[in-house]
Amino acid sequence: MRSLAEAFGFSKGVPGGSGPYAKGFAEAVLALDKDPFLSVVDRDLRLISVFDDLKYDRADMDMMSGPMRRRVVQKLAPMGFRQISGTVLENQVDNIRLYMPKFRALGESPFDATRYTERREQDWFVLTPTQTACQLIDHYPHMEAVERIKELVVKHPINLYRLMDYLERKPAHEAFHNAIGHLKYVQRMAVEAEPLRSRRALR
């Protein structure tokens, strides 16, 4: 199995990471953005989003489908990642794992998607767009979170109704209520235009 340094022409021993990690996967992963169904949403939080759908119902389950998981496996294989379980991909050479959190319960909050999965500093989460938006809300100041989610929804629409139903009684979540209307508008405009308009969920 090739290391990321070998696969992408990076030199080993880059400061700030183990082996080629710092300059390896953190940069090589940006190649995933060329795929319309995958998006590197945040390199600091180490979040990858997988396109889900264009339209949602409030009662829709928020989970990674089989086709979504297969897309991730297919696109990460050239980077040396192999599926070691139903929810984990690993590059053994560079000691990096990608976690696709398990679906646990029908009523589970998308804010809880990563709560029961421990990861190391070099590991990443692969999430649905709605789960990704929840991570941004929980980790960034309100206005910055809103701006980052605006960038997300024009590429990967999210289930704003489900997200709204699970906002908690804490300042970051209560402040986000005021942004829902604007995000609905931004997302609707994106869905009604190309390239999203003709995109379909993975089958």
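Colleague: Why is leucine 106 called exposed?

Modeller: The model is a predicted one. Leucine 106 has a relative accessibility of 61%, and exposed requires over 50%; therefore leucine 106 counts as exposed. Leucine 106 sits in the loop between strand E5 (96-99) and strand E6 (124-127).

Colleague: What makes the nonpolar surface patch, and which residues belong to it?

Modeller: Met61, Phe103 and Leu106 make a patch of about 300 Å².

Colleague: Which residues have the most contacts inside the largest nonpolar core?

Modeller: They are Ile149, Ile158, Leu163 and Phe176, in a core of 27 residues. Two or more residues each come from E6, helix H4 (129-139), helix H5 (142-153), helix H6 (160-165) and helix H8 (180-191). The largest share, 5 residues, is that of H5. The term core applies because the set consists of buried nonpolar residues joined through side-chain atoms within 4.5 Å. In soluble globular proteins, nonpolar side chains tend to be buried together.

Colleague: With which residues is isoleucine 158 in contact, leaving aside its neighbours within four places in sequence?

Modeller: The contacts of isoleucine 158 include Ile149, Leu152, Val153 and Leu163, as well as Tyr56, Pro129, Thr130, Ala133 and Gln187. There is also a second, separate core of 26 residues, among them Phe25, Leu32, Met100 and Ala190.

Colleague: How many helices and strands does the protein chain have?

Modeller: The protein chain has 8 helices and 6 strands, and their order from the N terminus is α-α-β-β-α-β-β-β-β-α-α-α-α-α. Among contacts with a separation of 6 or more, 64% join residues 24 or more positions apart.

Colleague: Where is confidence lowest, and where is it highest?

Modeller: The mean is lowest in helix H1 (residues 4-8), at 52, and highest in strand E2 (residues 47-50), at 98. Over residues 7-20 the pLDDT is below 50, although this stretch has 25 contacts in the model beyond near neighbours in sequence. For the protein chain, the average pLDDT is 88, and 88% of the residues score at least 70.

Notes: Residues are numbered from 1 along each chain as its sequence is written. This is a predicted model: local features need pLDDT of at least 70, side-chain atom pairs count only at pLDDT 80 or more; totals for chains, interfaces and linings use all residues. Side-chain values use heavy atoms; hydrogens and water are left out. Patches are made of residues with over 30% relative accessible area and no salt bridge: like charges are joined within 9 Å, nonpolar side chains (Val, Leu, Ile, Met, Phe, Trp, Tyr) within 5 Å. Accessible areas come from the Shrake-Rupley method with a 1.4 Å probe; for residues, only the protein chains shown count as cover. A salt bridge is a side-chain nitrogen of Lys or Arg within 4 Å of a carboxyl oxygen of Asp or Glu. Helices (H or I, at least four residues) and strands (E, at least two) are DSSP runs, numbered from the N terminus. Buried means under 20% relative accessible area, exposed over 50%, partly exposed in between (1.4 Å probe, protein chains only). Contact means heavy atoms within 4.5 Å. pLDDT is the predictor's confidence in each residue, from 0 to 100.
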